[in-house]
Amino acid sequence: MEKKMDFDKIERRAASRKRAFTAADYVLLTVWALMVLFPFYWMVLTSVKSYGSYNGEYIPRFFTLAPTLQNYQDAFTTVSLGRYFLNTIIYTVVTTGLMMAVIIPAAFAFARLDFPGKGIAFTLFLSLMMIPNELVVITNFVTITNLKLRNTFTGLILPSVTSVFYIYLLKENFEQIPDELYKAARVDGTSDFKYLTRVMIPISKPTLVTIVILKVIECWNSYVWPRLITDNPNYYLVSNGIQEIRENGFGRENIPAMMAAVVVISVPLIVLFLIFRKKVMAGVSRGGTKG
Amino acid sequence: MKKRSMKGWLYLLPAMLFLGAFMVYPLIDVLIYSFEEGYNSASQTYFGVGLYNYSRVLHDHYFLQAVQNTFLLVIITVPLSTLIALGISLGLNAIKPLRNLFQTVYFLPYVTNTLAVGLVFMILFKKTAYTDGLINLMIQWFGGQSVDFIDGPYWAKMFVLCFYTIWVVMPFKILILTSALASVNPEYYSAAKMDGTKSFRIFYKITLPMISPMIFYLVITGFIGAFKAYSDAIALFGTDLNAAGMNTIVGYVYDMLYGSSGGYPSYASAAALILFAIVLTITCINLMISKKSVHY
Amino acid sequence: MKVVLEHLTKRFPSRSKKGDDVIAVNDFDFEIPDGKLIGLLGPSGCGKSTTLNLISGLEAPTSGRILFGDDDVTRLPPENRGVGLVFQNYALYPHLTVLENIMFPLQNLKGADRPTKPQMIERAKTAAKLVQIDGLLDRKPSEMSGGQQQRVAIARALVKMPRVLLLDEPLSNLDARLRLQTREEIRRIQQETGITTIFVTHDQDEAMSISDMIVVMKSGILQQIGAPQEVYDDPVNLFVATFLGVPPINVFDGSVKNGRLYLGDQAVLSVKGVSDQKVAVGIRPEGFVLDAQGPMEVQLNRVEVMGRDTSVVSTHPASRNVQIRSIIPARNKVDKEAAAVRFSLMPDKVFLFRADTEERIPVDAQ
């Protein structure tokens, strides 16, 4: 009997220790969640405060009783946020589309076709993966300038059309498609191109979607190259637009309008993410580092 | 029988053209630039060939400042963010309800524009004539002295930069570590329980070695990413990073190339190659260490 | 160490909120004698792995008691029970060498129990020698074959000198040849150490061949327990009869009238002491004797020659299976062209079961 009592005590202690641990765990996780969410909350909150009330608050308030959409109107009228937005969409769509058109055949060639020099070509190609963008930006800047392509979409888009990494990712995926399918297609007299479009692309759709999503995120947030290549606000992308707004836009003090602009350019990607949550996270864990 | 033909090259052609023009050629070119002394971008002439560009860059006060900033940033943020991410992932791994929600929230910074959210951080930390800013108010609540994190002392600016950098890199690390933890076969934990292994020992002897390849992957990519820091700093301190004393090596490269201090592609090239050498060295060291300590 | 399970029950809460609990182990009550090799046998989902987890202490029972000898271990944590467990996928730590894997359990011991380092190495080496992997101590698990990994796992389970050794599907990850070899090995190790050993399997062949005793389970309920041959020769119900034996037992719908067993309209056997009723009839493949005057006539499909034996495949209207398979010695020639074959039956190979409960109906010895 005494022994049994002992066990009850031990079990109760273990259970309460576990409860305490779980509670502490949730508290810590919540703290980090708040750290992540707070900037977003602050951004939305500030964007709906009126200019006057924002600047009147020496101690910032955590809520507002008189939300206004005036700042959003300002964001689109005082500075050309609409144009930056449109530019970014054009840039993102064209770059992503062109890139897919370039990398799919390349990945197909490496994965399935046999041609003289393939081994060397692939080795060279792999070694390019190690080259940081910073190293080639300099010459590209000079090249584009010399071609008089500054402040054009062509100049913006051309250097980001290929990605060694995505070709590699896609090639790996193509190679997982059983060889028998290719042989069967050859026996049926299917051409390589038809095999690519009818068999490989449909089968690899999940990977292709992943690559598209990653590229769209990359394009939407790109800053360095557009900054170098555009100094005409008509060609600014959202990142440059934000920087421009910050330096010269609404007057440095109109922070609510600035925040409205920030909200507007943040929303599309967040919506995209919430819709494709699983795909985005799976894609990023397979091959995305920020920066 | 596979037919060997030149058709493969045809499929490769577009990629080859783009890579040749915007990667291979620039790579060679940047090397040449870096050795051409006194290059003038207007007339496209130079005086001679030598190491002057490198020596000039290495003696540039701004470059040294940028190197210092970058190294500080790397040394502070890489270990710290990896550790915090490990803690959070372990926490996530231990719960069931709300786990998806937390994961989704934690991932948000990945999909936001660095420049845009940087602005929010700026207004949170900045001290102006109208307001001390939220963070400073909080410091005051706890009885501290308010300080301007954006235009104030060096350590304060470095603090914000590190804080924001960690905030930005966290989603990727949490994502990788949570999936690494989830992929550890539960039989190992049962086996450890059979032997009465204490939870710290389980973590230290089983969990950690099992996920060590992923931790090293994160450290290596973390180093590379942090060495290339730039847009975080721009977002917080504006485009004139030299004036703020918060320039990074990449920032220095771009400043040399373009903008008010620009027009010196030779210096930019030399600086970029120095950065590349640093990153390459550190990555090699990392790989050597990981070979020794990752067991399978 | 004998192991006693007293009214052991384990319920798992249902996945859906309203559904009934799942009873994985239902009121187990049996005793495993000291120093024997026991096979827990049943189809997948019958609760045999749960039983093993209860004995190991990885799971706590809902009710009932577990005793090792006279010690009640029901609420002891696994590490204090003195059990060794070999996992289905071995759970060898991939980053540790064989020696380090085997030493791992010893390093968790504390205080007076904790051996010195040389003692640990000594004990690990002894365990390794027992399973004959003492030449591979510096290897990593990934550098070994499945069979070798299995031995390391057994050595790791034995190194603490457990009172009871548990093995979860120990052979399921091995190929057919290794499986035969490894089961002999398990038998040898068990006999050398004399440790009470319980292993779980869904393969009746495996269980029958090496166990001193088998425990047959179905849907969380204990069906029968006994020496393999006893259970085979004397199954308590239709499930046990069909689960044991390769090729499986042939099952018929039959009836008993006036002490005679009828399959369709053929009176095939006299069964004394059984009242008139409908029955399920199980006839082992080896229970058929080729006999031109035999009472049972079947329609011949084909004859398969297996060397030592001949397998006669046929049909019968009362059979529950599409085909009947009977095994007869090869010297008894069967006319392959014949349309029908006649058999007489060996009474001890024919079992009667109640049509409703499928319980065995005893037949008086003749």
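Two residues are in contact if their C-beta atoms, placed from the backbone, lie within 7 Å of each other. The model is predicted, so local features need pLDDT of at least 70 and side-chain atom pairs count only at pLDDT 80 or more, while totals for chains, interfaces and linings use all residues. Residues are numbered from 1 along each chain as its sequence is written, and chains are lettered from A and ligands numbered from 1 in the order in which they are written.

**View 1. The contact between chain A and chain B.** Chain A contributes 72 residues and chain B 76 residues. On the side of chain B that touches chain A, helix α1 (residues 7-35) of chain B supplies the largest share, 17 residues. Helices (H or I, at least four residues) and strands (E, at least two) are DSSP runs, numbered from the N terminus. That side of chain B comprises 56 nonpolar, 15 polar and five charged residues. Ala, Val, Leu, Ile, Met, Phe, Trp, Tyr, Cys and Pro count as nonpolar, Asp, Glu, Lys and Arg as charged, and the others, Gly among them, as polar.

**View 2. The two domains of chain A.** Domain 1 (2-70) and domain 2 (80-287) are given by the domain assignment of chain A, which is automatic or from a database. Their centres, taken over C-alpha atoms, are 37 Å apart. Nine residues of domain 1 of chain A are in contact with eight residues of domain 2 of chain A. On the domain 1 side, α1(A) gives the most, with four residues.

**View 3. An open sheet in chain C.** Four strands are arranged in the order β2-β1-β4-β5 (chain C), with antiparallel pairing; two strands pair if DSSP finds at least two bridges between them. The edge strands, β2 (22-32) and β5 (71-72) of chain C, each pair on one side only. Five bridges link β1 (residues 3-12) and β4 (residues 63-68) of chain C, and C:Thr9 has C:Ser63 in β4(C) as its bridge partner.

**View 4. Backbone features in loops of chain C.** A cis peptide bond, with omega about -10 degrees, joins C:Val246 and C:Pro247. C:Pro247 is found in the loop between α8 (238-243) and β11 (250-257) of chain C. C:Ala91, a residue other than glycine, has a positive phi near 50 degrees and lies in the loop between β6 (83-86) and α2 (98-107) of chain C. C:Ala91 is buried because 25 other C-beta atoms lie within 10 Å; the cut-offs are 20 or more for buried, 12 or fewer for exposed, and partly exposed in between, with C-beta atoms placed from the backbone.
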